[in-house]
Amino acid sequence: MIVLDPDFTTMGLEDPSEIYRPKPPKFELDKAMENFRDYDNLEGDMKRVRDTYYEMHRNQTHQFACSQREKYKPGIVGEYTIMEMMDVVAKLVDESDPDTSLPNDIHMYQTAERIRAAYPEQPWFALVGLIHDLGKVLALHGEPQWAVVGDIFVTGCQLGPSVVFGLPSFEGNPDITDPRYNTKYGVYSPNCGLKNVVTSWGHDEYMHQVLVRNNATIPPEGLYMIRYHSLYPWHHHGDYDHLCSDTDRAMLPWVQKFSSFDLYSKGEEIPDVEAVKPFYEDLIEKYCPGKLLW
C-alpha cells in the first residue's frame, strides 16, 4: 500500500480518539474548521439541508438500500464518458450541503485541484477528487436528492450515534423499531467488513459500482475513498467500528485524508476549469477511458 505522509501512522496512537479527529488541511481555509458541517445554524435557504436529511432518514430503509443496489447493478442509466457526466452534474446543487451552494462540478474541481497541488506525484488521487461526487448524476436521472446526496449510514443494524440530526430524524422509518435491524449487529456479524454491510443508498455506492463494472484501474485506495467518503459517522466519529475488518481500519486513514480535501476545499476560489480540464482528460484516458456503462 502506498503511504502519503507520516501522519498515516495514526493507527498506533495511544489515544484511539485521535484517529477520528479531523486533521487540519495544508491550505488556507475560507472559514474556521469548526464552521464547516454546521447543522445547528441552518437559516434561510439552508433549511433545505435539514429537510433533505429528514426525508432521507425517513425513507432509507434496509430494504430500500438493497433494492437500489440491485436496480443499478446492471448499468441502466446508459453509456457516457466521464466528461459527459461532468457536464450533467454541473446542473446540480446539492441540497444536503450546508457549506456550498455552487454547482457540484465546481466543488469537484476544487477538491481535485487541492489534491493535485498537495500530491503532484500521485495524479490518480486528484482524479479521485474530480470524480468522487459524479454518482450524483442520479439526481438528474429521476432519483430524488434524498436518495442520492448527503452522509450515508449503515442500514440493517442499530443507528450510529453520530448520524446527522440523530434518531428524531428517523421518525417514520420502520427499521428503527424492527427487532431484525435495531440491535448493535442487526443482520451482520462482528468485524464482517464494510464491504459486507449495506449502507444507505447514495452517490458513493453508485459511483463505486460504475467504476468496478467498467474495470477502472484506479488503485484500491482510491476506490475506497469514493465508496466511503460520505460515511462520516465512521471516518469522522468512529461509529460502526465493531463491523469493520482489518482492511477497513487500514484504509481508514486514506478516507480521512481524502475527506480533508473534500470538506475544506469548499470556498469562493473557483479553478479555471477550461485551463485544467486537459490534465484530467489525460487521467481519465488512463484510468477510466471511453464510454462507461452507467
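**A walk through a predicted chain**

The protein chain has an average pLDDT of 87, and 81% of its residues score at least 70, pLDDT being the predictor's confidence in each residue on a scale from 0 to 100. This is a predicted model, in which local features need pLDDT of at least 70 and side-chain atom pairs count only at pLDDT 80 or more, while totals for chains, interfaces and linings use all residues. Residues are numbered from 1 along each chain as its sequence is written, and side-chain values use heavy atoms, with hydrogens and water left out. Over residues 1–22 the pLDDT stays under 50, and for this stretch the model has 44 contacts beyond four places in sequence, a contact meaning heavy atoms within 4.5 Å. Where pLDDT is low, the predicted coordinates should not be read in detail.

The protein chain has 10 helices and two strands, where helices (H or I, at least four residues) and strands (E, at least two) are DSSP runs numbered from the N terminus. Read from the N terminus on, the order of these elements is α-α-β-α-α-α-α-α-α-α-α-β. Of the 294 residues in the protein chain, 57% count as buried; buried means under 20% relative accessible area, exposed means over 50%, and partly exposed lies in between, with a 1.4 Å probe and protein chains only. Among the contacts in the protein chain with a separation of 6 or more, 82% are accounted for by residues 24 or more positions apart.

Neighbours within four places in sequence aside, Ile82 is in contact with Ile131, Leu134, Met207, Ile284, Cys288, Leu292 and Trp294. One of these, Cys288, is itself buried, with a relative accessible area of 2%.

The loop between helix H5 (123–131) and helix H6 (203–213) holds Phe170, which is buried at a relative accessible area of 3%. Residues up to four places away in sequence not counted, Phe170 touches His57, Phe153, Leu159, Val163 and Ile176. Although Phe170 and His57 are 113 residues apart along the chain, their C-alpha atoms are separated by 4.9 Å. Asn196 also has its place in the loop between H5 and H6, but Asn196 is partly exposed, with a relative accessible area of 47%.

From H6, Asp204, Glu205, Met207, His208 and Leu211 meet Leu223, Ile226, Arg227 and Tyr228 in H7. The residues of this contact divide into five nonpolar, one polar and three charged, where Ala, Val, Leu, Ile, Met, Phe, Trp, Tyr, Cys and Pro count as nonpolar, Asp, Glu, Lys and Arg as charged, and the others, Gly among them, as polar.

Two loop residues carry a positive phi. Asn215, in the loop between H6 and helix H7 (220–228), has a phi near 55°, a positive value in a residue other than glycine, and at 64% relative accessibility Asn215 counts as exposed. Tyr240, in the loop between helix H8 (232–235) and helix H9 (246–264), has a phi near 70°, again a positive value in a residue other than glycine, yet Tyr240 counts as buried at 3% relative accessibility.

How many disulfides does the structure hold? The structure holds zero disulfides, a disulfide being a pair of cysteine sulfur atoms within 2.5 Å. For Cys157, the closest cysteine sulfur is in Cys192, at 8.6 Å, which is too far for a bond; Cys157 is buried, with a relative accessible area of 7%.
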